[in-house]
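User: I'm new to this one, could you walk me through it?

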Amino acid sequence: MIYEFRSYQVEPENVPEFERRFGQAYPDREAFSPLAGFWHTTDGPCSEVVHVWPYRDLAERTRLRALAAQHPNWPPATGSFVNRMMVELVLPFDFVQGPQPGSPGPFYEIRYDYFRVCDLRAAGEAWSRAIQERSLTESLVVAGRLEFGQSNGIVQIWARPQAGMGPMVGTNPTGAHDGPAPTSTVTKQLAPAAFSPLQ
């Protein structure tokens, strides 16, 4: 299993229209393969949309995207809103079951932790243990190693049902698991679009 993370930077005033157009076209795209989730950022510059697509492997991704592109309603007419696009492929940790449609939110956080290249193997082992332990008590959507894009990192998406429960930050295994600390961390608070399978 792989996950494709697509992040689009748009002007804040265009986010609602971007989501509306995407949501109108999505049923036609869903016929080929469903989204895992679709969100927009709620903190910092509130002008980013993030969507995650599961695939069995790269070959399936290539085949399904090509089939979907032949549909007259896909892709949606959102290209004029996109200032910057980033596509990342994530290899999930072995213990990750994969997101199932439902309502573990509506508050989400995506966290990127980047490591020195020489620390990637140790970081993957230590952080996967720490994330697995945390997932016993909190709702893990997906977690894994970045394979393409800025590939020296680990990404996590967490969900919680209410605000005010403290920061949704990833467990740092340094010390407890002797894992390397990240050289940098990026976190974003997210809210789901109305059509997202994860609410």
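Analyst: What follows is a short talk about rings, charges and strands. This is a predicted model, in which local features need pLDDT of at least 70 and side-chain atom pairs count only at pLDDT 80 or more, while totals for chains, interfaces and linings use all residues. Residues are numbered from 1 along each chain as its sequence is written, and side-chain values use heavy atoms, with hydrogens and water left out.

User: How many aromatic pairs are there?

Analyst: The count comes to 14 aromatic pairs, where rings of Phe, Tyr and Trp (its six-membered ring) pair if their centres lie within 6.5 Å, and planes under 30 degrees apart count as stacked, over 60 as edge-to-face and the rest as tilted. One of them joins tryptophan 53 and tryptophan 74 edge-to-face, with 6.3 Å centre to centre and 75 degrees between the planes.

User: Are those two buried or exposed?

Analyst: Tryptophan 53 and tryptophan 74 are both buried, that is, under 20% relative accessible area with a 1.4 Å probe and protein chains only. Ring pairs also link them into a cluster with Tyr8, Phe18, Phe22, Tyr26, Phe38 and Phe195.

User: And what lies over the face of tryptophan 53?

Analyst: Arginine 29 does, at 4.3 Å from the ring centre; a charge counts as over a ring if NZ of Lys or CZ of Arg is within 6 Å of the ring centre and within 35 degrees of the ring normal. Arginine 134 lies over the face of tryptophan 158 in that way, at 3.7 Å from the ring centre.

User: Switching to strands, how many bridges join β5 to β8?

Analyst: Seven bridges join strand β5 (residues 107-114) to β8, and the two run antiparallel; strands are DSSP runs of E with at least two residues, numbered from the N terminus, and two of them pair if DSSP finds at least two bridges between them. Tyrosine 108 stands opposite leucine 190 in β8.

Definitions and conventions: Buried < 20%, exposed > 50% of the residue type's maximum accessible area, 1.4 Å probe, protein only. Helix = DSSP H or I, 4+ residues; strand = E, 2+ residues; numbered from the N terminus.
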